Amino acid sequence: MDLSERIARRMETPGGDGFIVDESALNPAVHLPEPVGRGSVLEQVLDALGPVFDGESPEDVAVYGPSGAGKSAVLTALCSQLNESLGRNEDAIWTSTRGTAAVARAQFAYVDARRADSDFQYYHAILESISPNPVPRRGVGTDELRERLDDAVAERAGAVVVAVDHLSETDDDVAHVRSLLEPVAAGTSLVMVAEEPLPEWSGRTVKVPSYRPHALVDLLTERASYGLSSGAVSHDQARRIADWADGDAHDALAALFGAAISAQRDDAGRLRESDVDAGIDAVPDDCVQIGRVLSLPENRRTVLAELLATDGHRQPISDAAAAVGERTDLSPSTVQRYLYELAEDGLLTREAIEDRDSNGRQPTRVRPRFPTLVFERLERRARL
């Protein structure tokens, strides 16, 4: 990001209060226009998508790698920039390997499987990317959106590439996504993004490795340079967070954001070692990405926010449900059901409490598996 972009972001950011200048820059769920330290991966994905520069459809591509490796950052950046260069630009496209101009037409759609929990949502997400007209959310059904998608693809002169991210976090699989796009299969290509190699995959693959320590330090330094006030983070502190995160950019950013929240609470002018400790401690070892938590329905997010506010994660589940119920319009039984469901979905962990109750049963409590300081901050902002 160049200097003019940095200045513009600070001018446009609401709520900047001196220390945290732009919290979106620290948010692990927000990606930079140009991902830091992922140049090699960007080149590999561009190689796989190479036919679009000649107006042809590429073969399907699977992009896989561990959590926090930057897969989403790469795909969101590529879809955005390629749409600007190929999808909406009527001018000729020049490349370093061609001596003449080649007009290349293509469109790229990014679908977050975390939020696309129905066929309707899939079609809506794709149409929003490739249709020049607004796509309604109300008053239309799934069949009508499917017909609109068929028409939109048929009108395209070039390829339509659909990137489906976070596939491994849902019950969907490649076969289901292909069935959704079967009516327009001849005009579309898929980029499937997951944490593990896709079973029975016959197309091209791109493996995304974890961040190396120096690259993760660069990423933290870059984010902090326009997310926090000048000099707020030292190189040693960035190195400490990077070493702890062990190649996971999500966890590293969540720890940095948490440390900044801790420092801001005490009106500190820069991060202290105690703030770094607090930031790291608020990110569990088996951390679920914050984007997955933020994609939950509002009532589930409310339960999680009140669970933290009442220290319910330190109490037996029944007591926690009662405490949350008193602060919301949800009954304790409903809250308890939500807590069990969130535990089944892996966002909470159920743990036994050593003390037994009067009936001799061993009560359980729930432990958050997401960055608590970051979630509390973002959820509070969302309610304002």
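A residue is called exposed when its relative accessible area is over 50%, and buried when that value is under 20%. The exercises below concern a predicted model.

**Exercise 1.** Determine which residues of helix 8 are buried and which exposed residues lie on the face turned away from them.

*Solution.* Step one: in helix 8, which spans residues 235-245, the buried positions are Gln237, Ala238, Ile241, Ala242 and Ala245. Step two: these residues lie on the same side of helix 8 because they cover an arc of only 135 degrees around the axis. Step three: the face turned away from this buried side carries His235 and Asp236, both exposed. Step four: the packing partners of the buried residues are helix 7 (213-227), helix 9 (249-265) and helix 10 (273-281). Just after helix 8, Asp246 has a positive phi of about 55 degrees.

**Exercise 2.** Describe how helix 4 passes helix 5.

*Solution.* Step one: the axes of helix 4 (residues 119-130) and helix 5 (residues 142-155) come within 9 Å and cross at roughly 30 degrees. Step two: the crossing is left-handed. Step three: among the residues making the contact are Phe120 and Leu127 of helix 4 and Leu145 and Leu149 of helix 5. Step four: by class, the contact comprises 9 nonpolar, 2 polar and 3 charged residues.

Notes. Residues are numbered from 1 along each chain as its sequence is written. This is a predicted model: local features need pLDDT of at least 70, side-chain atom pairs count only at pLDDT 80 or more; totals for chains, interfaces and linings use all residues. Side-chain values use heavy atoms; hydrogens and water are left out. Buried means under 20% relative accessible area, exposed over 50%, partly exposed in between (1.4 Å probe, protein chains only). Helices (H or I, at least four residues) and strands (E, at least two) are DSSP runs, numbered from the N terminus. The arc is that of the directions from the helix axis to the C-beta atoms. Contact means heavy atoms within 4.5 Å. Axes are lines fitted to C-alpha atoms, for helices over the stretch in contact, and angles run from 0 to 180 degrees between N-to-C directions. A crossing is left-handed if the near helix is turned anticlockwise from the far one by less than a right angle, and right-handed if clockwise. Ala, Val, Leu, Ile, Met, Phe, Trp, Tyr, Cys and Pro count as nonpolar, Asp, Glu, Lys and Arg as charged, and the others, Gly among them, as polar.
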